[in-house]
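Here are some questions and answers for working through the structure shown below, with each term set against its cut-off.

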Amino acid sequence: AAGEKIDVFINEAVNAGETATTSYTQPLVYTAGGNGAMSTSDQPYYPTSGKNVNIYAYYPSGTVTSIDANSEVDFTVVADQSSDANYKASDLIYGTPDKNPVGRTKNHVNITFKHLLSKVTVTLKQGAGIKNLTNAKVELLNVLPTTKLDPSTGTISGAEADKDKIAITVMDKGTNLSGSAVVIPQTLNQEVEGKRRFIRVTLNTGGVLYSQNLTDADNEPIGDIEMTAGNEYKYEITVNLTSLDITSSINPWGPGGSYTGEAEMEE
């Protein structure tokens with residue numbers, strides 16, 4: 001999106017034992033102009049040695065401070081992604097040229113970015129007994145929020161199992177009935193105490209409902225959901241209230257005793 005900041009790391013491609021002739025600010029912060037354009041206030045140039053360069057880029061800006069093969073960094077998605085800013089702050093993206101190293105050229109060097117995490121999109125539909133879903137809150141349950149990133153390769157280790165699971169807020173207090181969140185690739189919708197509670201919907205009136213009977217595109221029931229990097233998973237959830245159904249029964253008359261008496265007009 002236009003205005004977003006991207007960290008770009010440029011290193012002179014030297015052989016083992018050689019000293020680079022040109023050093024670059026690490027990282028160079030570029031600003032997206034939309035439609036793929038990127039600009040920076042500190043214009044880089046090719047090395048004076050004539051050697052090639054290696055280029056790596058990361059978003060969100062500030063995620064990586066150096067391209068070090070011996071140093072992993074933690075990346076944690078934001079718990080409340082109902083705002084655009086928090087959603088973007090969770091969308092870990094890595095970019096490189098088509099091939100590193102890059103030789104000198106007067107043409108633009110294109111960096112292709114890829115999403116390292118998974119995207120979940122939830123759309124609500126009004127079902128039985130529901131008149132209004134405005135201001136409903138939607139959450140993804142039992143999510144591991146953290147992974148380890150190798151900056152030199154742009155690879156992640158997967159969700160950190162030693163971290164506490166949290167709820168990720170997709171939507172909250174809005175009129176839009178569709179929203180998205182970014183999660184670390186992992187297995188979700190797992191059975192806990194005999195129930196699969198993956199998506200929680202809290203109505204503006206306070207009622208709480210959980211996703212049930214999830215099916216795939218072929219209408220086949222699904223259980224554990226294996227989320228992988230770079231993929232979007234879409235869920236259309238019809239929100240139904242439990243119907244208030246009334247039946248009746250009657251107990252037979254029991255013996256209450258037998259009595260006699262008279263009735264006279266009062267004076």
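Q: What makes Val 122, Thr 123, Leu 124, Leu 133 and Met 171 count as residues that Leu 177 touches?
A: Contact means heavy atoms within 4.5 Å, and, with residues up to four places away in sequence not counted, Leu 177 touches Val 122, Thr 123, Leu 124, Leu 133 and Met 171. This is a predicted model, in which local features need pLDDT of at least 70 and side-chain atom pairs count only at pLDDT 80 or more, while totals for chains, interfaces and linings use all residues. Residues are numbered from 1 along each chain as its sequence is written, and side-chain values use heavy atoms, with hydrogens and water left out.

Q: Why is Leu 177 called partly exposed?
A: Buried means under 20% relative accessible area, exposed means over 50%, and partly exposed is in between, using a 1.4 Å probe and protein chains only. Leu 177 has 27% relative accessibility, so it counts as partly exposed. Leu 177 lies in the loop between β12 (166–171) and β13 (178–183), where strands (E, at least two residues) and helices (H or I, at least four) are DSSP runs numbered from the N terminus. The C-alpha atoms of Leu 177 and Thr 22 are separated by 52 Å, and these residues are 155 places apart along the chain.

Q: What makes the pair of Phe 198 and Tyr 235 a tie between parts of the chain?
A: Phe 198 lies in the loop between β16 (195–196) and β17 (199–202), whereas Tyr 235 lies in strand β20 (residues 232–239), so the pair ties together parts that are 37 residues apart in sequence. Phe 198 and Tyr 235 are both buried.

Q: How do you know that the charged end of Arg 197 sits over the ring of Tyr 210?
A: A charge sits over a ring if NZ of Lys or CZ of Arg is within 6 Å of the ring centre and within 35 degrees of the ring normal. The charged end of Arg 197 is 3.9 Å from the centre of the Tyr 210 ring and sits over that ring.

Q: How do you know that strands β10 and β11 pair?
A: Two strands pair if DSSP finds at least two bridges between them. Three bridges join strand β10 (residues 146–150) to strand β11 (residues 155–159), and the two strands run antiparallel. Asp 150 stands opposite Thr 155 in β11. The strands β10 and β11 form a hairpin with four residues between them, and Gly 154 in the turn has a positive phi of about 70°.

Q: Why is Asn 135 called partly exposed, and why is Glu 193 called exposed?
A: Asn 135 has 24% relative accessibility, so it counts as partly exposed, while Glu 193 has a relative accessible area of 80%, so it is exposed. Asn 135 has a positive phi of about 70° although it is not a glycine, and it lies in the loop between β8 (118–126) and β9 (137–143). Glu 193 is not a glycine either, and has a positive phi of about 55°; the loop between β15 (191–192) and β16 holds Glu 193.
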